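I opened the model to look up helix packing and the contact between domains. My notes follow.

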Amino acid sequence: MPKLNILLVDNDPGRSAIVKQALEDAGHNVIAKLNDDANLSKNVLALQPDIIIIDMDAPGRDTLEQMREINRDQARPIILFSAPNDQRFMQEAIRAGVSAYMLDGLNQTQIMPIVEVAIARFREFQALRKELDDTKSKLADRKIIEKAKGLIMARKGLDEDGAYQLLRKNAMSQNKRLIDMARILVSVEDLLG
Amino acid sequence: MSGSPKNLTPFANNLLNNTLGTASAKHLYVYSQTFYTVMSPTNNLPEKVSLNLGFIPLTDCAPLVIAKEKGFFHAEGLSVNLSRESSWANIRDKVAAGVLDGGHMLAPMPIAASLNLDGLNTPMLTALSLGLGGNAITVSRALHQQLLALDAQVADPYHSVQALKTLISQQQRAGLPPLTFAHVFPFSCHNYLLRYWLASAGIDPDKDVRLVVIPPPLMVSALASGQIDGFCVGEPWNSQAIAQGIGAAVTSTVDIWHNSPEKVLGVTCAWAEQYPNTHQALLRALLKSAQWLELSEHRAEACAILTAEEYVPVAIQDLRVFERGEFQYSTDRPALQVPDFNVFYRYAATFPWVSHAEWLISQMQRWGHIPSSINAQEVAAKVYRPDLYRQAAQALQLPSPLIDRKNEGSHNNAWLATSDSVDIAMGRDCFFDQVNVEPRYTDA
């Protein structure tokens, strides 16, 4: 695993010291240890950590939620310290995905495996999101091409296949992608039509 | 062209179908199960009596607190532990995982969960709204002074946002950094009403200002430290910032959208299906609690209960708008009567209007938070469940509206909703930019 830059947010000094040690022993870099989350969004932007480990009871969790929604490309895995009485919950949550939960009272050797699982799950989710975004943009492209074909059919009295061939021929002769050609056609039609 | 592309993993397919609004077989199955409700007159005892419900310290957690402290849960055979949580994300995760049976949620949260925007793959629903309104937009003293210099009537949504637009244009010309406004969660009414208000004057909430999320109890200190220039939050945090001279309110959110939705009781669809009688008992207890809270003679007692250490530990005067319906926009102006600031029962405030969910989904689409291809009506009808509400109201012989949707924004005046018994007196539900706004302070 490449060296990770980690941000720790925890007001329990004993716990965060153990985690920091475990992370550093595994060759990672704890770039900052914050005692509270008063300026969390500013710190995350300034420090650009690869991963954030935060106390589950820190209200700043909602700030991280927002950052995840806004900066999809810059989203990063989040690991939460959780109280022992929520053990059952943690196991469920780990199974559910996105965030991982780290129990209080873990010994050092148990910490890195959790970090690794969290990162693996996070990458999986990001890949799914990307797949989804790509698919959505493909669907949108398809709609524009359909619209351009419709315009050609109406103007030139061609059938669907004829319209598609004409669009394709023009795209090739102008050294453009089919979708870009379709986009030009649709925007010209919007302007003049 | 087929609805979903090939070569996706089953999970991606689910995510895609869910997001694009064409429910997959699996989700249809889940949803169809939730429409099935056990109605057995001889056996309607709660399947589960010991419950954990989460809440965030805000005035509008009152229906939960009062139901516990005045014995409404107990009367329904429920033993409820109220767990104060430090973030909305915690409530969502704990409800999804079953550590909490349900909770005080922002109205868009069960919608976001059902669209799997959180990645937890746990659809949620609501059968009861915990009230209407309750938020305000408060800015720092410094920003308030600048706005007042532009328009002395700043205290209603129209005058405030016009002055803000002028100020932002001036600051942009001078090359100053954008103002920072905070709200409480990406999927919150605060976020969408703040955006609606800004956009009404041509302020782009994604470009002309910076929007950040700060948990409600930390809002006042963030405003005091200059980390943010303003916020949209529920009470008592506006009143506290104002009383401490840190900020001044520029509008309440009920002035932006009259009697707008705010918090709901959120549970997972699976939980509602597994414990239908418990859910009904919970709804009945909360309906009684909302009715109790509605009476102004109960508000002083409610304040004393609410400000206890384990609930919302603030000075009792910070709850003045809740206690007396009086809101003081800034310390140098007199308090004004804003009787609809927090509405708990009247105007069918507890009813889960499907049209509320539809509006919220339309705003999620407007700001690109979800694809425009999502079918708002379909999603709203799965998440908001007036059928379950009516069942609980009927058991208490309380009236319920006959319709699931109202024409949001179309009621400029009080109106009557037809119910299964007596008609229900409703409040207006118009938006500020669609009606003539009267300045809050006419003497200014």
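I call a crossing left-handed if the near helix is turned anticlockwise from the far one by less than a right angle, and right-handed if clockwise. Helices (H or I, at least four residues) and strands (E, at least two) are DSSP runs, numbered from the N terminus.

This is a predicted model: local features need pLDDT of at least 70, side-chain atom pairs count only at pLDDT 80 or more, and totals for chains, interfaces and linings use all residues. Residues are numbered from 1 along each chain as its sequence is written, while chains are lettered from A and ligands numbered from 1 in the order in which they are written.

**Entry 1: H14(B) and H19(B).** I looked up how H14(B) passes H19(B), and found a right-handed crossing. The two pack at an angle of about 65°, with axes 9 Å apart. (Axes are lines fitted to C-alpha atoms, for helices over the stretch in contact; angles run from 0 to 180 degrees between N-to-C directions.) Contact means C-beta atoms, placed from the backbone, within 7 Å. H14(B) brings residues including Leu283(B) and Arg284(B), and H19(B) brings residues including Leu388(B) and Tyr389(B). I sorted this contact into 7 nonpolar, 3 polar and 1 charged. (Ala, Val, Leu, Ile, Met, Phe, Trp, Tyr, Cys and Pro count as nonpolar, Asp, Glu, Lys and Arg as charged, and the others, Gly among them, as polar.)

**Entry 2: H19(B) itself.** I then checked burial. Buried means 20 or more other C-beta atoms within 10 Å of the residue's own, exposed 12 or fewer, partly exposed in between, with C-beta atoms placed from the backbone. Among the buried residues of H19(B) are Pro386(B) and Arg390(B). Its buried residues pack against strand E4 (124-129), H14 and helix H17 (354-366) of chain B. Just after H19(B), Gln397(B) has a positive phi of about 55°.

**Entry 3: H3(B) and H14(B).** H3 (62-69) and H14 (276-294) of chain B pack at about 100°, axes 8 Å apart. That makes H3(B) roughly perpendicular to H14(B) (65 to 115 degrees; under 35 is roughly parallel, over 145 roughly antiparallel, the rest oblique).

**Entry 4: the domains.** I took the bounds from an automatic or database domain assignment. Chain B has domain 1 (10-131 + 262-314 + 343-406) and domain 2 (135-260). Their C-alpha centres lie 28 Å apart.

Definitions and conventions. Contact = placed C-beta atoms within 7 Å.
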